[in-house]
Every structure is written in structure tokens, then in C-alpha cells.
Amino acid sequence: MDQLIQGHKRFLTEVFPARRNQFRLLADSQAPDVLFITCSDSRIVPDLILGTGPGDLFISRNAGNVVPVTATDVDGTTATIEYAVEVLKVKHAILCGHSDCGAMKAALDRKGLEHLPKASRWLSHVEAAFTHRQPGNPADGEHAELAALIRGNVVAQLLNLKAQPAVARAMAHGAISVHGWYYDILNGRIECYDEQGRCFAPLLRP
Ligand SMILES: [Zn+2]
């Protein structure tokens with residue numbers, strides 16, 4: 001906790017005063033253009049890897065960057081998506097998975113969740129990842145099988161995202177575009193899913 005308290009102290013003394021006007025503008029409203037859905041993993045820091053800041057990204061996080069599709073239930077992720085699309089009118093929705101994802105490791109190993117009833121139920125939402133597995137690239141090295149499943153999960157959850165009623169309506173009149181990303185923690189690079197080519201390609205082309 002000391003690290004957090006010291007960090008907040010530095011924020012109040014160094015960061016906040018320099019950005020006071022920005023925070024004043026944001027104090028009563030937000031108008032982010034981007035809904036960013038990613039994993040809860042501590043190594044994913046969206047503002048760090050995308051150069052964004054307060055007010056830029058509307059973020060929803062959960063284990064395995066899942067978009068549940070259920071007809072009768074409600075959950076935090078789909079409620080957040082509905083609000084982002086219907087109220088905030090975000091122009092882009094990004095579904096971002098990542099290398100070395102613990103949730104996908106558990107799905108691949110199919111063990112270690114016996115004592116985690118909620119997590120194991122939650123991860124039933126990633127089953128479709130197995131049918132959408134994507135070939136990786138040499139950078140995956142010895143983790144190729146896991147990386148293929150993680151990319152497959154991005155494709156599966158992207159389909160779930162597009163199936164959300166609010167997203168489908170917005171897409172029908174061109175108000176939103178959706179993107180599937182894979183973030184590699186080791187090299188910091190992002191890959192984007194190309195729906196036409198059905199493959200992942202670097203977000204930044206050489
Ligand atoms: Zn993860």
C-alpha cells in the first residue's frame with residue numbers, strides 16, 4: 001500500500017497541477033471515442049501502450065477479455081458495452097487479448113480451476129476460442145499453442161461483441177467499427193485481426 005500512497009502523493013503534487021485544466025474539462029462529462037475491452041491482467045496498461053489519457057478510453061476488463069453471450073442474464077461487460085454504444089456513442093470498439101494470458105492458459109490446461117467455481121464458469125465463455133484458433137508467428141516461440149488459442153479467443157469474442165444488440169444496431173448504420181487486437185507483452189507490439197484475410201497482422205506496418 002505504501003507504494004500506492006506515495007504514488008498518489010506524487011500525482012497530487014506533480015501531475016495534477018500541470019493538468020488541472022484538463023481535469024476541469026473532464027469533471028462533469030466524458031466523451032470517449034473508444035470502448036476498449038481487455039483482460040484484467042496487470043501487465044496490460046492501455047494508456048501506456050496507446051499514448052492515451054483521461055477521457056480517451058472507456059474500458060471494460062475481465063479475466064480473458066470475454067464478451068458473454070447469454071439471452072437471459074446480464075453481466076458487467078455487456079452492460080458496459082450497451083452504455084458505451086447507446087449513450088456515449090463510441091466510434092470504435094476494440095477487443096484486445098494478450099500473450100501469456102492466465103485465463104487462456106487455464107482453458108488450455110483444463111485444470112487448476114476445480115476450487116474456483118466462479119472462474120471456471122466464467123471461462124466456459126472462451127470455449128469458442130478452440131474453434132477459432134489462429135496460426136501465430138515466429139515471435140510466439142515455444143508458446144505457439146497458447147498464442148494460437150489466445151488469438152482464437154480474440155476472434156471468438158469479437159464475434160460475440162458484434163452480436164451484442166447495441167453494437168449490431170450501430171454497425172448497421174456505420175456508427176461504429178470493431179477491432180480485434182492481440183498485444184504481445186514481450187515485444188510490446190499489437191497485432192490487428194483482418195476479418196477479410198482471416199489473419200492477424202501488425203497494427204503498425206513496416
Ligand atoms: Zn489475460
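Analyst: We begin with aromatic pairs. Rings of Phe, Tyr and Trp (its six-membered ring) pair if their centres lie within 6.5 Å; planes under 30 degrees apart count as stacked, over 60 as edge-to-face and the rest as tilted. By this rule there are six aromatic pairs. The rings of F36 and W181 lie 6.2 Å apart, centre to centre, with their planes at 70 degrees, so this pair is edge-to-face. The pair links distant parts of the chain, 145 residues apart: F36 belongs to strand 1 (residues 34-39) and W181 to strand 4 (residues 177-183). Helices (H or I, at least four residues) and strands (E, at least two) are DSSP runs, numbered from the N terminus.

This is a predicted model, in which local features need pLDDT of at least 70 and side-chain atom pairs count only at pLDDT 80 or more, whereas totals for chains, interfaces and linings use all residues. Residues are numbered from 1 along each chain as its sequence is written, and side-chain values use heavy atoms, with hydrogens and water left out.

User: Are F36 and W181 buried or exposed?

Analyst: Buried means under 20% relative accessible area, exposed over 50%, and partly exposed in between (1.4 Å probe, protein chains only). Both F36 and W181 are buried.

User: Which type of pair do F58 and Y83 form?

Analyst: F58 and Y83 form a tilted pair, with 5.9 Å between centres and 35 degrees between planes. F58 is in strand 2 (residues 57-62) and Y83 in helix 4 (residues 76-86). F58 counts as buried because its relative accessibility is 15%, while Y83, at 40%, counts as partly exposed.

User: How is a nonpolar core read, and which residues have the most contacts inside the largest one?

Analyst: A nonpolar core is a set of buried Ala, Val, Leu, Ile, Met, Phe, Trp, Tyr and Cys residues joined through side-chain atoms within 4.5 Å. The largest has 39 residues, and L35, I81, V85, M104 and L161 have the most contacts inside it. Helix 7 supplies the largest share of this core, eight residues. A second, separate core of nine residues includes V34, I44, L57 and I190.

User: How do helix 7 and helix 8 pack?

Analyst: Two packed helices are described by the angle between their axes and the distance between the axes. Axes are lines fitted to C-alpha atoms, for helices over the stretch in contact, and angles run from 0 to 180 degrees between N-to-C directions. Helix 7 and helix 8 pack at about 80 degrees, with axes 5 Å apart. Helix 7 is therefore roughly perpendicular to helix 8 (under 35 degrees is roughly parallel, over 145 roughly antiparallel, 65 to 115 roughly perpendicular and the rest oblique).
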